[in-house]
Amino acid sequence: MNTFSRRTFAKAALLGTVSTAFAASRASASETAPVPPAPVGAPNGFVPVLPAPTGPYPVGTVRRAFTDPSRTDPWDPALGLRQVVVDVVYPARTVRGFRRVPQLTPGEARVFAELAFPVRGLPAAGVDWGGALTHAHAGAPPLPGRRPLVLYTPGGGDARTLGTGLAADLASHGAVVVLVDHPGEASQVELPDGTVRETVLYGPPDPATFRTMVETRVADLRLVLDRPGALPPGLVPDPARVLACGHSAGGTAAALLAARDPRVRAVANLEGYLDLEPWPGHRPLLLMRTDGFGGAERIERSWAGLRARRRTLRAANHWVFTDHAAVVPQLHAAGLVTGAVRDGLVGPGDAAATAAAVGRGLRDFLAALRTGPARRPGPAQ
């Protein structure tokens, strides 16, 4: 087992708390259906496999970085102006001759491996986190057209890279997805100069720190919206179908962004609290949650009375909205994590089927924006 520094464990204390520690969630030792193991023969151990997209289009991606001239970095002012890193994932005209992009750079994989065991109970060794490939191809020529635009903000303490599977699936059905990282808060982000910036937060976040997290995310997302050059040439966002989508703390930020910025026409909140500010009710709203989430009571209170499309995912847990839905069952099938860890992260049910249901729900929500007025709320359920 790797030896972890006190600094690493201090990081883990925050990341586990912000994203809701799985120890507080339902965790059983029940078994899932058999999952084919990922390749084990790589030099650095087990290589996780992400699911293939389900849509008709191949997928391309480009990485962008932006500097906000109006803000100093809130987590480390000594760094100067705020930097934001994004991956733009889009339907491609062709991917022939363009390589698939790893989920993590070597530097990001090193830091993720440091945090994998103390934060989530994932293997501290024996997994090649840098070997996992996304299904997006670097620099592939985009399929031109007017496209739905999805801004994705991850869970508290998570990096954008945990949303790569969902992004590729949405892109394969014709959407453009911008995965937004929030340096300083995210577990790890590689900057354009090759520096890997690790989280600078320590200990459980108090209300003021959580507010800073969410407000920083809102400003980061608005910065991206202000940069039309972020999209590859030929891709034109459909202004009636600009969706802010967030997991956990990202769902909170997505809702605040939509409440403040009229360019955002709808919100998909994947198990995030909505009690920082009243939801104004003038945007279509999708609310998805699991039945295993440890913060269910607060979710119910903060979502009560809201007019929205709703879906509760059964036999599931908080990280089933992320790439953990694919990876954790593979690790369990290979004997690398316990059933309790699997259940605490993604639930005891068929995580792959649940993740597929999340993708379908988001695609249906986007499709509904085509015909209804932009300010029409979703149906109450």
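## Ground rules

Two strands pair if DSSP finds at least two bridges between them. Helices (H or I, at least four residues) and strands (E, at least two) are DSSP runs, numbered from the N terminus.

What you're looking at is a predicted model, where local features need pLDDT of at least 70 and side-chain atom pairs count only at pLDDT 80 or more, while totals for chains, interfaces and linings use all residues. Residues are numbered from 1 along each chain as its sequence is written, and side-chain values use heavy atoms, with hydrogens and water left out.

## The sheet

Let's start with the strands. In general, strands of a sheet pair through backbone hydrogen bonds, either parallel or antiparallel. Here, 10 strands make an open sheet with mixed pairing, in the order 3-4-1-2-6-5-9-10-11-12. At the edges sit strand 3 (100–102) and strand 12 (309–313), each pairing on one side only. From one strand to the next, the twist averages 30° (angles run from 0 to 180 degrees between N-to-C directions, and axes are lines fitted to C-alpha atoms, for helices over the stretch in contact).

## Who pairs with whom

Strand 3 and strand 4 run antiparallel and are joined by two bridges, with Arg-100 opposite His-137 of strand 4. Strand 4 (residues 133–138) also pairs with strand 1, this time in the parallel sense, again over two bridges. There, Gly-60 stands opposite that His-137.

Further along, strand 5 and strand 9 run parallel, joined by eight bridges; Val-150 has Leu-243 in strand 9 as its bridge partner. Strand 9 then pairs in the parallel sense with strand 10 (residues 266–270) over five bridges, and Cys-245 is partnered by Ala-268 in strand 10. Arg-289 faces Thr-312 in strand 12.

## Helix 4 on the sheet

Helix 4 packs on the sheet, touching strand 1 (59–72), strand 2 (81–91), strand 5 (145–153), strand 6 (176–180) and strand 9 (235–247). Contact means heavy atoms within 4.5 Å. The direction of helix 4 makes about 115° with that of strand 1.

## Helix 4 meets helix 5

How do helix 4 (residues 207–225) and helix 5 (residues 249–260) cross? Their axes come within 9 Å and cross at roughly 55°. That makes helix 4 oblique to helix 5 (angles under 35 degrees count as roughly parallel, over 145 as roughly antiparallel, 65 to 115 as roughly perpendicular and the rest as oblique). The crossing is right-handed, a label used if the near helix is turned clockwise from the far one by less than a right angle.

Among the residues that meet are Phe-210, Val-214 and Leu-221 from helix 4, and Ala-253, Leu-256 and Arg-260 from helix 5. The residues of this contact divide into nine nonpolar, two polar and five charged (Ala, Val, Leu, Ile, Met, Phe, Trp, Tyr, Cys and Pro count as nonpolar, Asp, Glu, Lys and Arg as charged, and the others, Gly among them, as polar).

## Helix 3 meets helix 9

Helix 3 (residues 164–172) and helix 9 (residues 351–368) pack at about 45°, their axes 10 Å apart. They are therefore oblique to each other, and the crossing is right-handed.

Leu-166, Asp-169 and Leu-170 in helix 3 meet Gly-359, Leu-362 and Arg-363 in helix 9. That contact splits into three nonpolar, one polar and two charged residues.
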